[in-house]
Amino acid sequence: MKLQGHQRSPSKHQNLNLKGEQMNNFKKPKSEDRLRIIIRSDVAVESATEPHLGIYARVDSDPMVRIWLPVTDATDTRKAADELLKAGLNFFDLGIIRRKLALALEDVKASKLNVAVKSGWHGNSFVYNGMICTLSDEYPRLHQNIRTRYDYPAIENDHLLDFVDVVGRESDFVAAATMVAFAQPLLGLQVSSERPIIYFWGESRTGKTTLGKMICALTRPPSDRTLFTFDSTPRAFEEALHRCSDNVAVFDELSALTEAEIERVLSSFIYTAANGRGRSRSAGCAYPDLRWRTTAVVTGETNLDTLSARRRGSGQDARIVALRVPPRTMGGIWTGCDVADGGGEELTEKLERLALSYSGHSYIEWIKWLVRNCGDARDRLQRTANEYVSQLTLENSDSLARSAAKHFAHLAAAGDELMKACIIDWPTGHPFEVMSRLYRAHLNHSQPEERTGDIARVAALEILAHVGTGRITVAKYGEGAKAEDAYISERGGERFVMIDKQRVPDFLSMSPKDAIESLRISGAIRSSGSSRYVQGPDRKDKKRYLRLALSDLETAAFRAT
């Protein structure tokens, strides 16, 4: 196998060579003939609608500079000269460059070349980080826009995967994030380009962003692990997804946007990310039609079901895999692990440290393994995934449930392959056990009425527990508002729990937004207008309070399930 790239030292792995693209053997030119340029036709640039030409330029014994341009640009010697300089041509006499280009255009050489413009699979070759991993002598050339290479450390460091080997046996979220990260090159062996959007959501400080950083560490070089943000234009979204084809693009903190911004972005992002292609553009664009096979991983605190842009029972359900991270009081991403109070935060900090120092070499080994075994791996993936889907679904399961089951089944099958490739060390059957539990949780989340009732019930019980323990005290009308974060006020013969708006998170273990919306639907919140908060009984007090009827809280907490 050859791993095609630029200026890489030989691989230590048997039968794997690391070398640059082959260069033509020019005789060393003299004086003003130091620069040699050849132009080739019949160049097939991926996704391009306009014919392209390949321009090969070399100065003395410097490395060959190769660029591919649309015919209209390649025949414009000024534009072509500028592009050669951008690509690294070490020759700065524009007049000579343009004259050499003009001469080369008079003698265009015919050649059959395919040029890749994105990472991922191209036939049986895999493009990643400015390199081509291949077993074949016929492989695509890299477009100048994807030749950037980020260095890996000379010393391998697998402490992160050693940690995942252990904690991934107890934490379903760490195990799932690992499978999501490594699954993408394997899923790329399939014909379908559609990928799900994985949404890790829940209250703050539960480890969601750390999961995103871990996924980036597992799949990207150390110097290229920046998380994408949602504060982007539609074009920027497309470029991020295109850049990460057959890989993962992690978008952090959806909640950094306002609710109005989330509403505006959500629908278009779901379909754009999952469908694998951007908007159609004019042929004059560098990439008239951006395409990708990318899994978008999103973190945030927002329950998407509360948004008007969220359409239950629509195609969105087939594209979104929502994984709710439990609240901090239950352990966050470490739910299921045997940790003492505060131990979850220590594990999160350790995971983040290990992700930061991880060398990343195992992802390259995984790609090499897939290239060597792509035929067998493809067959096993399809066979195992079909078996897992049949175990996850019932005979009367609807199409949306089956679509979701396929996503979880493919991830579980990818986990099996990771173990087969000796990348991860988990017990046999563990990937499917994890994905089976998360699939059931996903289905439960897909039942909005049941979920709303459950959230309201838990929230009501937590508030009543604070009443029972005396943390929420009884105060007469007009008293206690200034001194207490929460108190019980009696008015008109009815008692209300009043909680300072700024202190609501202290009385709930879940997202206050989810709890308040669920309590509103259950009838426990009585307020007019769009606000869920009211002014306190003391008009001199400027605070706003969440007002909850005590009788309604009891009804929400103890009604029959």
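Me: What percentage of the residues in the chain are buried?
Reply: The model is a predicted one, and a residue counts as buried when its relative accessible area is under 20%. The chain has 561 residues, and the share of them that is buried comes to 54%.

Me: How many helices and strands does the chain have?
Reply: The secondary structure of the chain is made of both kinds of element, helices as well as strands. The totals are 17 helices and 20 strands.

Me: What span should helix α5 have, and how far apart are its end C-alpha atoms?
Reply: Helix α5 covers residues 172–187, which is 16 residues, and at 1.5 Å a residue it should span 22 Å. This expectation agrees with the model, in which the end C-alpha atoms of α5 are separated by 21 Å.

Me: At which residue does α5 bend?
Reply: The bend in α5 is about 30°, and a proline, Pro185, follows within four residues of the place where it occurs. The residue at the bend is Ala181.

Me: How many of the residues of α5 are buried?
Reply: Helix α5 is described as mostly covered, and the test for each residue is again a relative accessible area under 20%. The count of buried residues in α5 is 16 of 16.

Me: At what angle do α5 and α6 pack, and how far apart are their axes?
Reply: Two packed helices are described by the angle between their axes together with the distance between the axes, so both values are needed. Helix α5 passes α6 in a right-handed crossing. For α5 and α6, which covers residues 208–219, the angle is about 35° and the axes are 9 Å apart.

Me: Which residues make the contact between α5 and α6, and how many of them are nonpolar?
Reply: On the α5 side the contact is made by Phe173, Val174, Ala177, Thr178, Ala181 and Phe182, while α6 contributes Leu211, Met214, Ile215, Leu218 and Thr219. Sorted by type, the residues of this contact include two polar and no charged ones, and the number of nonpolar residues is nine.

Me: Is Leu218 buried or exposed?
Reply: Leu218 lies in helix α6, and among the residues it touches are Leu160, Thr178, Ala181, Phe182 and Tyr358. Phe182 is 36 residues away from Leu218 in sequence, yet their C-alpha atoms are 7.6 Å apart in space. The relative accessible area of Leu218 is 0%, so Leu218 is buried.

Me: Is Arg205 buried or exposed?
Reply: Arg205 is found in the loop between β11 and α6, and it has a positive phi of about 60° although it is not a glycine. Most residues other than glycine have a negative phi. Because its relative accessibility is 60%, Arg205 counts as exposed.

Me: Is Asp246 buried or exposed?
Reply: Asp246 also belongs to a loop, in this case between α7 and β13, and its phi is positive, at about 55°, although it is not a glycine. Its relative accessible area is 1%, so Asp246 is buried.

Me: Which residues does Asn129 touch, not counting residues up to four places away in sequence?
Reply: Asn129 sits in the loop between β8 and β9, and with a relative accessible area of 11% it is buried. The C-alpha atoms of Asn129 and Tyr150 are 6.6 Å apart, although 21 residues separate the two along the chain. With residues up to four places away left out, Asn129 touches Thr148, Arg149, Tyr150, Tyr152 and Pro221.

Terms used
Residues are numbered from 1 along each chain as its sequence is written. This is a predicted model: local features need pLDDT of at least 70, side-chain atom pairs count only at pLDDT 80 or more; totals for chains, interfaces and linings use all residues. Side-chain values use heavy atoms; hydrogens and water are left out. Helices (H or I, at least four residues) and strands (E, at least two) are DSSP runs, numbered from the N terminus. The expected span of a helix is 1.5 Å times one less than its number of residues. The bend at a residue is the angle between axes fitted to the seven residues ending there and the seven starting there. Buried means under 20% relative accessible area, exposed over 50%, partly exposed in between (1.4 Å probe, protein chains only). Axes are lines fitted to C-alpha atoms, for helices over the stretch in contact, and angles run from 0 to 180 degrees between N-to-C directions. A crossing is left-handed if the near helix is turned anticlockwise from the far one by less than a right angle, and right-handed if clockwise. Contact means heavy atoms within 4.5 Å. Ala, Val, Leu, Ile, Met, Phe, Trp, Tyr, Cys and Pro count as nonpolar, Asp, Glu, Lys and Arg as charged, and the others, Gly among them, as polar.
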